[in-house]
Amino acid sequence: MRVSRSQNVIKTVIAASLFGACILSPASRAYSETSLSTYGTPGLIEMPTAEVMDDGALGFTFSQFADTSKSTLFFQVLPRVYGAFRYSVIDDFSGTSALYDRSFDLHIQLADETNIRPAIAVGLRDFLGTGVYSSEYIVATKSITPALKVTTGLGWGRLGSRNGFANPLGAIVDRLDTRPPLDVGQGGTVDTNVWFRGDAALFGGISWGATENLTFAMEYSADSYETERARNATVLDGAINLGAKYRFDSGWTVAGYANSGEAYGVQLSYDLNPKKPRFNAGAEGAGPVLSPKLSYAAESWNIPLGTRGANAQIDLETALRAQGLQLNHVEQDGQTLVVHIENHKWLKQAQAVGRAARVLARMTPQSTQVFDVTLQKKGMPITSVKINRQDLYELENDLDGAWRSYTRAVISDAPPVSMAQETPASSAFEYSFAPYFRFSFFDPDEPLRYEVGPQLSLRYQPFAGLSFSTNVRYPFASTIDNATRQSDSVLPRVRSEAVRYARESDFEINTLTAEYLFRPSEDLFGRMTAGYLETMYAGVSGEVLWAPLDSQLALGAEVNYA
(Lines give C-alpha, C1' and ligand atoms only; values in the text may rest on other atoms or scores of the structure.)
Protein backbone atom coordinates (compact mmCIF):
# COMPACT_ATOMS: atom_id res chain seq x y z
CA MET A 1 0.00 0.00 0.00
CA ARG A 2 1.38 3.42 -0.98
CA VAL A 3 1.10 6.50 1.25
CA SER A 4 1.02 10.18 0.37
CA ARG A 5 4.14 12.27 -0.13
CA SER A 6 3.45 14.22 3.09
CA GLN A 7 3.20 10.97 5.10
CA ASN A 8 6.38 9.81 3.43
CA VAL A 9 8.17 12.97 4.59
CA ILE A 10 6.88 12.55 8.16
CA LYS A 11 8.08 8.94 8.33
CA THR A 12 11.44 9.88 6.88
CA VAL A 13 11.85 12.58 9.52
CA ILE A 14 10.99 10.08 12.26
CA ALA A 15 13.52 7.60 10.91
CA ALA A 16 16.18 10.29 10.63
CA SER A 17 15.51 11.34 14.24
CA LEU A 18 15.89 7.78 15.49
CA PHE A 19 19.05 7.31 13.45
CA GLY A 20 20.38 10.62 14.75
CA ALA A 21 19.69 9.54 18.32
CA CYS A 22 21.63 6.35 17.59
CA ILE A 23 24.62 8.28 16.30
CA LEU A 24 24.73 11.02 18.94
CA SER A 25 24.33 8.77 21.98
CA PRO A 26 27.44 7.37 23.69
CA ALA A 27 28.16 3.69 23.21
CA SER A 28 27.32 1.47 26.14
CA ARG A 29 27.17 -2.22 26.72
CA ALA A 30 23.68 -3.63 26.36
CA TYR A 31 22.18 -4.54 29.71
CA SER A 32 20.56 -7.70 28.37
CA GLU A 33 21.96 -10.17 25.89
CA THR A 34 20.92 -10.19 22.25
CA SER A 35 17.55 -11.91 21.97
CA LEU A 36 15.94 -13.82 19.11
CA SER A 37 12.78 -12.66 17.33
CA THR A 38 9.82 -14.79 16.22
CA TYR A 39 11.81 -15.39 13.03
CA GLY A 40 14.55 -17.01 15.16
CA THR A 41 17.14 -14.34 14.38
CA PRO A 42 18.41 -11.37 16.45
CA GLY A 43 15.55 -8.89 16.55
CA LEU A 44 12.83 -7.11 18.49
CA ILE A 45 9.59 -9.08 17.98
CA GLU A 46 8.99 -9.57 14.25
CA MET A 47 11.45 -6.95 13.01
CA PRO A 48 15.24 -7.51 12.70
CA THR A 49 17.96 -5.54 14.46
CA ALA A 50 21.54 -4.87 13.38
CA GLU A 51 22.87 -7.11 16.14
CA VAL A 52 24.66 -10.43 15.81
CA MET A 53 25.40 -13.20 18.29
CA ASP A 54 28.84 -14.38 19.42
CA ASP A 55 30.91 -16.15 16.78
CA GLY A 56 29.95 -19.82 16.66
CA ALA A 57 26.59 -19.36 18.40
CA LEU A 58 23.62 -21.61 17.64
CA GLY A 59 19.99 -20.86 18.39
CA PHE A 60 16.73 -22.81 18.26
CA THR A 61 13.36 -21.05 18.31
CA PHE A 62 9.70 -22.02 18.18
CA SER A 63 7.15 -19.22 17.97
CA GLN A 64 3.39 -19.01 17.52
CA PHE A 65 2.01 -15.55 16.72
CA ALA A 66 -1.60 -15.30 15.52
CA ASP A 67 -2.14 -18.28 13.17
CA THR A 68 1.49 -18.68 12.10
CA SER A 69 4.07 -20.91 13.75
CA LYS A 70 7.78 -20.81 12.96
CA SER A 71 10.56 -23.23 13.91
CA THR A 72 14.03 -21.82 13.24
CA LEU A 73 17.64 -22.95 13.45
CA PHE A 74 19.98 -19.96 13.76
CA PHE A 75 23.74 -20.15 13.21
CA GLN A 76 26.42 -17.46 13.50
CA VAL A 77 28.62 -18.40 10.55
CA LEU A 78 31.26 -15.67 10.96
CA PRO A 79 31.70 -12.87 13.52
CA ARG A 80 29.61 -10.52 11.31
CA VAL A 81 27.52 -13.01 9.34
CA TYR A 82 24.65 -15.22 10.45
CA GLY A 83 22.23 -17.49 8.64
CA ALA A 84 18.95 -19.16 9.55
CA PHE A 85 16.83 -22.06 8.33
CA ARG A 86 13.12 -21.79 9.08
CA TYR A 87 10.08 -24.04 8.77
CA SER A 88 6.76 -22.23 8.98
CA VAL A 89 3.13 -23.29 9.10
CA ILE A 90 0.41 -20.79 8.16
CA ASP A 91 -3.07 -22.04 9.04
CA ASP A 92 -5.71 -21.84 6.33
CA PHE A 93 -9.40 -21.15 6.95
CA SER A 94 -10.46 -21.02 3.27
CA GLY A 95 -11.07 -24.76 3.09
CA THR A 96 -7.67 -25.92 1.84
CA SER A 97 -4.70 -27.33 3.72
CA ALA A 98 -2.28 -25.26 5.75
CA LEU A 99 0.74 -23.72 4.04
CA TYR A 100 4.03 -25.40 4.96
CA ASP A 101 7.07 -23.34 4.01
CA ARG A 102 10.86 -23.62 4.24
CA SER A 103 13.05 -20.51 4.06
CA PHE A 104 16.63 -19.33 4.55
CA ASP A 105 17.95 -15.99 5.84
CA LEU A 106 21.31 -14.23 5.52
CA HIS A 107 22.41 -11.22 7.61
CA ILE A 108 25.67 -9.27 7.30
CA GLN A 109 26.74 -6.69 9.87
CA LEU A 110 28.50 -3.92 7.94
CA ALA A 111 29.70 -2.06 11.03
CA ASP A 112 29.55 -2.75 14.74
CA GLU A 113 28.60 -0.22 17.40
CA THR A 114 31.10 2.42 18.53
CA ASN A 115 30.92 5.63 20.61
CA ILE A 116 29.62 7.64 17.66
CA ARG A 117 28.15 5.01 15.36
CA PRO A 118 25.33 2.48 15.61
CA ALA A 119 25.65 -1.08 14.47
CA ILE A 120 24.60 -1.25 10.81
CA ALA A 121 23.55 -4.38 8.93
CA VAL A 122 21.99 -5.55 5.68
CA GLY A 123 19.94 -8.72 5.39
CA LEU A 124 17.89 -11.04 3.23
CA ARG A 125 14.85 -12.96 4.47
CA ASP A 126 13.66 -16.03 2.59
CA PHE A 127 16.20 -15.55 -0.19
CA LEU A 128 16.23 -19.32 -0.84
CA GLY A 129 12.78 -20.87 -0.67
CA THR A 130 9.31 -20.24 -2.05
CA GLY A 131 9.39 -16.54 -1.21
CA VAL A 132 6.56 -16.45 1.32
CA TYR A 133 8.67 -14.14 3.53
CA SER A 134 10.84 -12.71 0.73
CA SER A 135 12.22 -9.34 1.90
CA GLU A 136 15.40 -7.32 2.29
CA TYR A 137 16.42 -4.69 4.80
CA ILE A 138 19.02 -2.19 5.98
CA VAL A 139 18.92 -1.61 9.74
CA ALA A 140 20.79 0.29 12.47
CA THR A 141 20.78 -0.42 16.22
CA LYS A 142 22.27 1.72 19.02
CA SER A 143 22.46 1.41 22.79
CA ILE A 144 21.20 4.69 24.27
CA THR A 145 21.83 3.53 27.85
CA PRO A 146 23.05 0.21 29.23
CA ALA A 147 19.41 -0.89 29.34
CA LEU A 148 17.87 0.83 26.31
CA LYS A 149 18.40 0.02 22.62
CA VAL A 150 16.89 1.81 19.63
CA THR A 151 16.50 0.25 16.18
CA THR A 152 15.41 1.79 12.88
CA GLY A 153 15.46 0.26 9.42
CA LEU A 154 14.29 0.34 5.83
CA GLY A 155 12.71 -2.72 4.28
CA TRP A 156 11.65 -4.07 0.90
CA GLY A 157 9.38 -6.95 -0.13
CA ARG A 158 7.23 -8.02 2.82
CA LEU A 159 9.14 -5.54 4.95
CA GLY A 160 8.03 -2.81 2.56
CA SER A 161 4.37 -3.74 2.35
CA ARG A 162 2.86 -1.65 5.18
CA ASN A 163 2.62 2.08 4.44
CA GLY A 164 5.15 1.72 1.65
CA PHE A 165 6.61 4.58 -0.36
CA ALA A 166 8.69 5.02 -3.49
CA ASN A 167 12.01 3.21 -3.28
CA PRO A 168 14.73 5.76 -2.39
CA LEU A 169 17.22 3.57 -4.29
CA GLY A 170 15.22 4.38 -7.44
CA ALA A 171 16.91 7.77 -7.49
CA ILE A 172 20.16 5.91 -8.21
CA VAL A 173 18.90 3.13 -10.53
CA ASP A 174 15.51 3.54 -12.22
CA ARG A 175 14.75 -0.18 -12.45
CA LEU A 176 14.74 -0.43 -8.64
CA ASP A 177 11.44 1.50 -8.57
CA THR A 178 9.43 -1.62 -9.39
CA ARG A 179 9.58 -5.13 -7.93
CA PRO A 180 8.94 -7.85 -10.53
CA PRO A 181 6.88 -10.92 -9.63
CA LEU A 182 8.87 -13.48 -7.67
CA ASP A 183 9.82 -16.54 -9.74
CA VAL A 184 11.11 -19.39 -7.56
CA GLY A 185 9.58 -22.32 -9.42
CA GLN A 186 8.99 -25.07 -6.85
CA GLY A 187 11.33 -23.41 -4.38
CA GLY A 188 15.05 -23.52 -3.76
CA THR A 189 15.85 -20.88 -6.39
CA VAL A 190 17.68 -17.65 -5.59
CA ASP A 191 15.85 -14.85 -7.45
CA THR A 192 18.24 -11.90 -7.19
CA ASN A 193 16.10 -9.96 -9.68
CA VAL A 194 13.77 -8.78 -6.89
CA TRP A 195 16.31 -7.77 -4.24
CA PHE A 196 15.94 -4.22 -2.89
CA ARG A 197 13.36 -3.40 -5.56
CA GLY A 198 9.86 -1.94 -5.35
CA ASP A 199 8.20 -0.02 -2.54
CA ALA A 200 10.14 0.48 0.67
CA ALA A 201 8.86 1.04 4.20
CA LEU A 202 10.23 2.06 7.57
CA PHE A 203 10.32 -0.14 10.65
CA GLY A 204 11.88 0.21 14.06
CA GLY A 205 11.46 -0.07 17.77
CA ILE A 206 13.03 -0.07 21.20
CA SER A 207 14.01 -2.71 23.72
CA TRP A 208 14.50 -2.10 27.43
CA GLY A 209 16.27 -4.45 29.80
CA ALA A 210 14.35 -4.08 33.03
CA THR A 211 16.71 -6.57 34.69
CA GLU A 212 19.55 -8.76 33.52
CA ASN A 213 16.99 -11.41 32.55
CA LEU A 214 13.77 -9.51 31.74
CA THR A 215 13.43 -7.45 28.55
CA PHE A 216 10.49 -5.47 27.16
CA ALA A 217 10.20 -4.52 23.50
CA MET A 218 7.98 -2.37 21.31
CA GLU A 219 8.20 -2.19 17.54
CA TYR A 220 6.60 -0.61 14.51
CA SER A 221 6.14 -3.35 11.87
CA ALA A 222 6.54 -2.82 8.12
CA ASP A 223 4.83 -6.14 7.26
CA SER A 224 1.16 -6.09 6.15
CA TYR A 225 0.84 -9.92 6.13
CA GLU A 226 -0.72 -10.18 2.68
CA THR A 227 -0.01 -13.92 2.40
CA GLU A 228 -1.84 -14.61 5.64
CA ARG A 229 -4.78 -12.41 4.58
CA ALA A 230 -5.12 -14.35 1.34
CA ARG A 231 -5.50 -17.56 3.35
CA ASN A 232 -8.04 -16.06 5.78
CA ALA A 233 -5.63 -16.62 8.65
CA THR A 234 -5.51 -14.33 11.66
CA VAL A 235 -3.13 -11.48 10.89
CA LEU A 236 -1.40 -8.77 12.89
CA ASP A 237 -3.61 -5.84 11.83
CA GLY A 238 -1.91 -3.27 14.02
CA ALA A 239 1.49 -1.84 13.17
CA ILE A 240 2.58 -1.86 16.84
CA ASN A 241 3.74 -5.07 18.51
CA LEU A 242 4.51 -5.34 22.21
CA GLY A 243 6.54 -8.09 23.85
CA ALA A 244 8.22 -9.30 27.01
CA LYS A 245 11.05 -11.84 27.21
CA TYR A 246 12.58 -13.61 30.17
CA ARG A 247 15.95 -15.25 29.72
CA PHE A 248 17.05 -18.01 32.10
CA ASP A 249 20.72 -18.50 32.94
CA SER A 250 20.56 -21.94 31.31
CA GLY A 251 20.09 -20.32 27.87
CA TRP A 252 16.32 -20.79 27.56
CA THR A 253 14.15 -17.76 26.80
CA VAL A 254 10.36 -17.53 27.03
CA ALA A 255 8.46 -14.64 25.49
CA GLY A 256 4.93 -13.33 25.09
CA TYR A 257 3.62 -10.89 22.47
CA ALA A 258 0.51 -8.82 21.72
CA ASN A 259 -0.71 -6.93 18.67
CA SER A 260 -3.50 -4.35 19.06
CA GLY A 261 -5.01 -6.40 21.86
CA GLU A 262 -6.46 -8.88 19.35
CA ALA A 263 -3.62 -11.23 18.36
CA TYR A 264 -1.21 -12.85 20.80
CA GLY A 265 1.86 -14.96 20.55
CA VAL A 266 4.34 -17.04 22.54
CA GLN A 267 7.93 -18.07 21.89
CA LEU A 268 10.46 -20.51 23.29
CA SER A 269 14.15 -20.12 22.38
CA TYR A 270 17.42 -21.72 23.33
CA ASP A 271 20.87 -20.56 22.31
CA LEU A 272 24.34 -21.90 23.00
CA ASN A 273 27.93 -21.47 21.94
CA PRO A 274 30.13 -24.58 21.84
CA LYS A 275 33.17 -22.32 22.27
CA LYS A 276 31.77 -20.83 25.49
CA PRO A 277 29.87 -23.46 27.47
CA ARG A 278 27.72 -21.99 30.24
CA PHE A 279 28.72 -24.63 32.78
CA ASN A 280 32.49 -24.78 32.99
CA ALA A 281 34.67 -26.41 35.60
CA GLY A 282 33.42 -25.95 39.14
CA ALA A 283 29.91 -27.37 38.79
CA GLU A 284 31.16 -30.90 39.44
CA GLY A 285 32.53 -32.38 42.65
CA ALA A 286 36.07 -31.91 43.90
CA GLY A 287 38.88 -34.02 42.49
CA PRO A 288 40.85 -36.65 44.39
CA VAL A 289 42.75 -35.31 47.38
CA LEU A 290 46.54 -35.46 47.08
CA SER A 291 48.23 -37.86 49.45
CA PRO A 292 50.46 -36.34 52.14
CA LYS A 293 54.16 -36.62 51.38
CA LEU A 294 54.99 -37.95 54.84
CA SER A 295 54.17 -41.61 55.41
CA TYR A 296 53.01 -41.18 59.01
CA ALA A 297 50.60 -38.40 57.94
CA ALA A 298 49.17 -40.63 55.26
CA GLU A 299 48.76 -43.47 57.72
CA SER A 300 46.95 -41.16 60.14
CA TRP A 301 44.53 -40.27 57.30
CA ASN A 302 44.26 -43.95 56.32
CA ILE A 303 45.56 -43.13 52.78
CA PRO A 304 47.90 -45.61 51.07
CA LEU A 305 51.09 -44.18 49.58
CA GLY A 306 51.02 -45.88 46.17
CA THR A 307 50.14 -49.41 45.12
CA ARG A 308 52.70 -52.07 44.28
CA GLY A 309 52.65 -55.62 43.11
CA ALA A 310 50.54 -57.53 40.62
CA ASN A 311 47.39 -55.54 41.40
CA ALA A 312 48.95 -52.12 40.85
CA GLN A 313 47.63 -51.66 37.29
CA ILE A 314 44.21 -53.02 38.18
CA ASP A 315 43.94 -50.63 41.12
CA LEU A 316 45.05 -47.71 38.93
CA GLU A 317 42.54 -48.63 36.24
CA THR A 318 39.76 -48.80 38.84
CA ALA A 319 40.69 -45.42 40.34
CA LEU A 320 40.75 -43.74 36.91
CA ARG A 321 37.44 -45.30 35.92
CA ALA A 322 35.88 -43.76 39.02
CA GLN A 323 36.87 -40.37 37.54
CA GLY A 324 35.32 -41.14 34.14
CA LEU A 325 38.67 -42.02 32.55
CA GLN A 326 39.61 -45.19 30.67
CA LEU A 327 43.16 -46.50 31.05
CA ASN A 328 44.53 -47.91 27.77
CA HIS A 329 48.23 -48.16 28.52
CA VAL A 330 50.69 -47.65 31.39
CA GLU A 331 54.47 -48.02 31.63
CA GLN A 332 57.27 -46.81 33.93
CA ASP A 333 60.22 -45.00 32.31
CA GLY A 334 62.68 -44.16 35.09
CA GLN A 335 61.08 -41.46 37.24
CA THR A 336 58.36 -40.87 34.61
CA LEU A 337 55.07 -42.76 34.53
CA VAL A 338 53.49 -42.85 31.06
CA VAL A 339 49.73 -43.42 30.85
CA HIS A 340 47.31 -43.35 27.90
CA ILE A 341 43.74 -42.47 28.79
CA GLU A 342 40.41 -41.71 27.12
CA ASN A 343 38.09 -39.08 28.55
CA HIS A 344 34.47 -40.27 28.77
CA LYS A 345 33.14 -37.64 31.14
CA TRP A 346 34.73 -34.19 31.27
CA LEU A 347 33.77 -31.33 28.99
CA LYS A 348 37.28 -29.89 29.08
CA GLN A 349 40.27 -32.12 28.40
CA ALA A 350 42.24 -30.11 30.97
CA GLN A 351 39.83 -31.43 33.61
CA ALA A 352 40.54 -34.99 32.51
CA VAL A 353 44.31 -34.44 32.70
CA GLY A 354 44.03 -32.81 36.13
CA ARG A 355 41.94 -35.66 37.53
CA ALA A 356 44.31 -38.24 36.07
CA ALA A 357 47.36 -36.51 37.57
CA ARG A 358 45.77 -36.43 41.04
CA VAL A 359 44.91 -40.12 40.79
CA LEU A 360 48.48 -40.91 39.74
CA ALA A 361 49.85 -38.90 42.67
CA ARG A 362 47.77 -41.03 45.04
CA MET A 363 48.43 -44.39 43.41
CA THR A 364 52.17 -44.22 42.69
CA PRO A 365 55.22 -44.16 44.99
CA GLN A 366 57.10 -40.91 45.70
CA SER A 367 59.95 -42.06 43.43
CA THR A 368 57.75 -41.25 40.40
CA GLN A 369 58.38 -37.55 39.80
CA VAL A 370 56.77 -36.92 36.36
CA PHE A 371 53.39 -37.94 34.98
CA ASP A 372 53.17 -38.15 31.17
CA VAL A 373 49.45 -38.27 30.34
CA THR A 374 48.49 -38.96 26.72
CA LEU A 375 44.89 -38.29 25.69
CA GLN A 376 43.45 -40.76 23.18
CA LYS A 377 40.26 -41.03 21.12
CA LYS A 378 39.21 -44.54 20.10
CA GLY A 379 42.79 -45.63 20.73
CA MET A 380 44.34 -42.84 18.62
CA PRO A 381 46.83 -40.65 20.54
CA ILE A 382 45.97 -36.94 20.37
CA THR A 383 47.95 -34.86 22.87
CA SER A 384 50.50 -35.49 25.61
CA VAL A 385 50.79 -33.46 28.82
CA LYS A 386 53.73 -33.76 31.22
CA ILE A 387 53.17 -32.68 34.82
CA ASN A 388 55.72 -32.61 37.61
CA ARG A 389 54.55 -34.26 40.81
CA GLN A 390 56.08 -31.42 42.83
CA ASP A 391 53.94 -28.84 40.96
CA LEU A 392 50.75 -30.58 42.04
CA TYR A 393 51.66 -30.09 45.71
CA GLU A 394 52.99 -26.55 45.32
CA LEU A 395 49.87 -25.31 43.49
CA GLU A 396 47.25 -27.39 45.32
CA ASN A 397 45.90 -24.38 47.27
CA ASP A 398 47.18 -21.59 45.03
CA LEU A 399 44.53 -18.98 44.19
CA ASP A 400 45.74 -18.93 40.57
CA GLY A 401 46.62 -22.61 40.50
CA ALA A 402 44.78 -23.39 37.24
CA TRP A 403 46.77 -20.86 35.21
CA ARG A 404 50.09 -21.63 36.87
CA SER A 405 49.56 -25.35 36.35
CA TYR A 406 48.99 -24.64 32.65
CA THR A 407 52.19 -22.59 32.35
CA ARG A 408 54.28 -25.29 34.06
CA ALA A 409 52.85 -28.23 32.12
CA VAL A 410 54.58 -29.35 28.93
CA ILE A 411 52.02 -29.91 26.17
CA SER A 412 53.04 -31.64 22.94
CA ASP A 413 51.76 -33.68 20.06
CA ALA A 414 51.26 -37.26 21.21
CA PRO A 415 53.74 -39.90 20.01
CA PRO A 416 52.27 -42.66 17.80
CA VAL A 417 51.33 -45.99 19.33
CA SER A 418 52.00 -49.41 17.89
CA MET A 419 49.17 -51.30 16.21
CA ALA A 420 50.16 -54.23 18.39
CA GLN A 421 49.23 -52.34 21.54
CA GLU A 422 46.16 -54.18 22.76
CA THR A 423 43.18 -52.46 24.27
CA PRO A 424 42.57 -53.50 27.90
CA ALA A 425 40.13 -56.40 28.02
CA SER A 426 37.79 -54.43 30.27
CA SER A 427 37.25 -51.79 27.56
CA ALA A 428 37.80 -53.77 24.34
CA PHE A 429 34.11 -54.59 24.05
CA GLU A 430 31.43 -51.95 24.53
CA TYR A 431 27.67 -52.05 24.14
CA SER A 432 24.63 -49.92 24.83
CA PHE A 433 20.92 -50.63 24.73
CA ALA A 434 18.47 -47.74 24.70
CA PRO A 435 15.39 -46.39 22.94
CA TYR A 436 15.85 -44.41 19.73
CA PHE A 437 13.76 -41.75 18.04
CA ARG A 438 13.84 -41.04 14.32
CA PHE A 439 12.05 -38.15 12.66
CA SER A 440 11.10 -37.33 9.08
CA PHE A 441 10.37 -33.72 8.16
CA PHE A 442 8.71 -31.66 5.44
CA ASP A 443 6.19 -34.12 4.00
CA PRO A 444 3.47 -31.72 2.71
CA ASP A 445 0.78 -34.14 3.91
CA GLU A 446 2.25 -34.47 7.41
CA PRO A 447 5.28 -32.25 8.17
CA LEU A 448 6.50 -34.36 11.10
CA ARG A 449 6.62 -38.15 11.02
CA TYR A 450 8.35 -40.35 13.59
CA GLU A 451 9.68 -43.80 14.38
CA VAL A 452 10.50 -45.17 17.83
CA GLY A 453 11.90 -48.43 19.17
CA PRO A 454 14.87 -50.09 20.92
CA GLN A 455 18.44 -49.76 19.63
CA LEU A 456 21.46 -51.98 20.31
CA SER A 457 24.95 -50.62 19.65
CA LEU A 458 28.02 -52.89 19.72
CA ARG A 459 31.72 -52.01 19.39
CA TYR A 460 34.81 -54.21 19.58
CA GLN A 461 38.34 -52.75 19.62
CA PRO A 462 41.02 -55.48 19.61
CA PHE A 463 43.93 -53.08 19.00
CA ALA A 464 44.62 -49.38 19.29
CA GLY A 465 42.89 -47.56 16.45
CA LEU A 466 41.11 -50.62 15.00
CA SER A 467 37.43 -51.15 15.81
CA PHE A 468 34.39 -53.01 14.53
CA SER A 469 30.93 -51.64 15.25
CA THR A 470 27.29 -52.06 14.40
CA ASN A 471 24.00 -50.41 15.22
CA VAL A 472 20.70 -52.31 14.97
CA ARG A 473 17.14 -51.15 15.55
CA TYR A 474 13.67 -52.62 15.83
CA PRO A 475 10.88 -50.09 15.20
CA PHE A 476 7.95 -50.52 17.56
CA ALA A 477 5.86 -47.64 16.25
CA SER A 478 6.20 -45.57 13.09
CA THR A 479 4.26 -43.07 11.01
CA ILE A 480 6.98 -42.82 8.35
CA ASP A 481 5.70 -45.91 6.56
CA ASN A 482 2.25 -44.30 6.32
CA ALA A 483 3.40 -41.78 3.74
CA THR A 484 1.71 -42.18 0.34
CA ARG A 485 3.59 -39.70 -1.84
CA GLN A 486 5.69 -41.24 -4.58
CA SER A 487 9.13 -39.88 -5.43
CA ASP A 488 9.58 -38.40 -8.91
CA SER A 489 13.36 -38.11 -8.59
CA VAL A 490 15.35 -38.84 -11.76
CA LEU A 491 18.43 -39.66 -9.68
CA PRO A 492 19.16 -43.19 -8.42
CA ARG A 493 16.51 -43.99 -5.80
CA VAL A 494 18.09 -44.13 -2.35
CA ARG A 495 16.98 -41.47 0.15
CA SER A 496 13.84 -40.94 -1.92
CA GLU A 497 12.84 -44.52 -1.06
CA ALA A 498 12.95 -43.91 2.71
CA VAL A 499 9.27 -44.80 3.05
CA ARG A 500 9.86 -48.14 1.32
CA TYR A 501 12.74 -48.90 3.71
CA ALA A 502 10.50 -48.15 6.69
CA ARG A 503 7.56 -50.16 5.33
CA GLU A 504 9.39 -53.33 4.32
CA SER A 505 11.92 -53.70 7.16
CA ASP A 506 10.95 -54.73 10.68
CA PHE A 507 14.58 -55.20 11.71
CA GLU A 508 17.10 -52.52 10.74
CA ILE A 509 20.89 -52.72 10.51
CA ASN A 510 21.84 -49.03 10.37
CA THR A 511 25.63 -49.41 10.40
CA LEU A 512 28.12 -52.27 10.18
CA THR A 513 31.70 -51.05 9.77
CA ALA A 514 35.38 -51.69 10.28
CA GLU A 515 37.31 -48.54 11.15
CA TYR A 516 41.02 -47.81 11.50
CA LEU A 517 42.37 -44.57 13.01
CA PHE A 518 46.05 -43.77 12.59
CA ARG A 519 48.69 -41.02 12.78
CA PRO A 520 50.69 -40.73 9.50
CA SER A 521 53.08 -38.18 11.02
CA GLU A 522 53.24 -35.26 13.44
CA ASP A 523 50.10 -33.07 13.41
CA LEU A 524 48.39 -35.49 10.98
CA PHE A 525 45.41 -37.74 11.70
CA GLY A 526 43.91 -40.37 9.41
CA ARG A 527 40.82 -42.57 9.20
CA MET A 528 39.76 -45.47 6.96
CA THR A 529 36.27 -46.95 7.17
CA ALA A 530 34.60 -49.72 5.17
CA GLY A 531 31.22 -51.41 5.36
CA TYR A 532 27.65 -50.26 5.74
CA LEU A 533 28.51 -46.61 6.46
CA GLU A 534 25.06 -45.24 7.22
CA THR A 535 21.39 -45.94 6.59
CA MET A 536 20.93 -46.91 2.90
CA TYR A 537 24.63 -46.51 1.97
CA ALA A 538 27.57 -48.95 1.96
CA GLY A 539 31.09 -48.32 0.71
CA VAL A 540 34.49 -47.06 1.78
CA SER A 541 35.50 -43.76 3.34
CA GLY A 542 38.86 -42.10 3.98
CA GLU A 543 39.87 -38.91 5.76
CA VAL A 544 43.08 -37.01 6.52
CA LEU A 545 43.23 -34.08 8.96
CA TRP A 546 46.11 -31.66 9.51
CA ALA A 547 45.69 -30.08 12.96
CA PRO A 548 48.82 -28.45 14.44
CA LEU A 549 48.84 -28.37 18.23
CA ASP A 550 49.63 -24.65 18.50
CA SER A 551 47.28 -23.39 15.75
CA GLN A 552 43.58 -22.55 15.58
CA LEU A 553 43.58 -23.55 11.90
CA ALA A 554 43.02 -27.13 10.79
CA LEU A 555 42.58 -28.47 7.27
CA GLY A 556 41.06 -31.78 6.29
CA ALA A 557 39.95 -33.79 3.27
CA GLU A 558 37.42 -36.63 3.11
CA VAL A 559 36.75 -38.99 0.20
CA ASN A 560 33.85 -41.43 0.05
CA TYR A 561 32.71 -44.08 -2.41
CA ALA A 562 29.22 -45.38 -1.73
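Visitor: Let's begin with β1 and β12: in which sense do they pair, and over how many bridges?
Guide: Keep in mind that this is a predicted model. Strands of a sheet pair through backbone hydrogen bonds, either parallel or antiparallel. For β1 and strand β12 (residues 263–272), the pairing is antiparallel, over eight bridges.

Visitor: And which residue stands opposite F65 in β2?
Guide: β1 also pairs with strand β2 (residues 68–78), in the antiparallel sense and over eight bridges. The hairpin of β1 and β2 has two residues between the strands, and A66 takes a positive phi near 60° there. Facing F65 across the pairing is T68.

Visitor: Which residues make up the covered face of β1?
Guide: In a regular strand the side chains alternate between the two faces of the sheet. In β1, the uncovered face holds L58, F60, F62 and Q64. That leaves the covered face with G59, T61, S63 and F65.

Visitor: Now E46: is this residue buried or exposed?
Guide: E46 sits in the loop between α1 (5–24) and β1 (58–65). Its contacts beyond four places in sequence include F65, K70, R125 and E219. The cut-off for buried is under 20% relative accessible area. Because E46 has a relative accessibility of 2%, this residue counts as buried.

Visitor: With which side chain does the side chain of E46 make a polar contact?
Guide: Among the residues E46 touches are T38, Y39, L236 and N241, and Y225 is on that list too. The polar contact comes in at 2.7 Å, side chain to side chain, and the partner is Y225.

Visitor: Moving on to the open sheet of five strands: which are its edge strands?
Guide: The strand order is β13-β14-β15-β16-β17, with mixed pairing. An edge strand here pairs on one side only, which picks out β13 (325–333) and β17 (410–413).

Visitor: Which residue in β17 does T383 stand opposite?
Guide: Strand β16 (residues 380–388) runs antiparallel to β17, and the two pair over four bridges. Opposite T383, the residue in β17 is D413.

Visitor: Last one: at about what angle does helix α5 run to β15?
Guide: Helix α5 (residues 349–363) lies across β13, β14 (336–343), β15 (370–377) and β16. Taking the N-to-C directions of the axes, the helix runs to β15 at about 135°.

Conventions:
Residues numbered from 1 in each chain as written. Predicted model: local features only at pLDDT ≥ 70, side-chain atom pairs only at ≥ 80, totals over all residues. Heavy atoms only, no water. Buried < 20%, exposed > 50% of the residue type's maximum accessible area, 1.4 Å probe, protein only. Polar contact = N/O pair within 3.5 Å; in protein donor to acceptor, adjacent residues only side chain to side chain. Contact = heavy atoms within 4.5 Å. Pairing = 2+ DSSP bridges. Axes fitted to C-alpha atoms, helices over the stretch in contact; angles between N-to-C directions.
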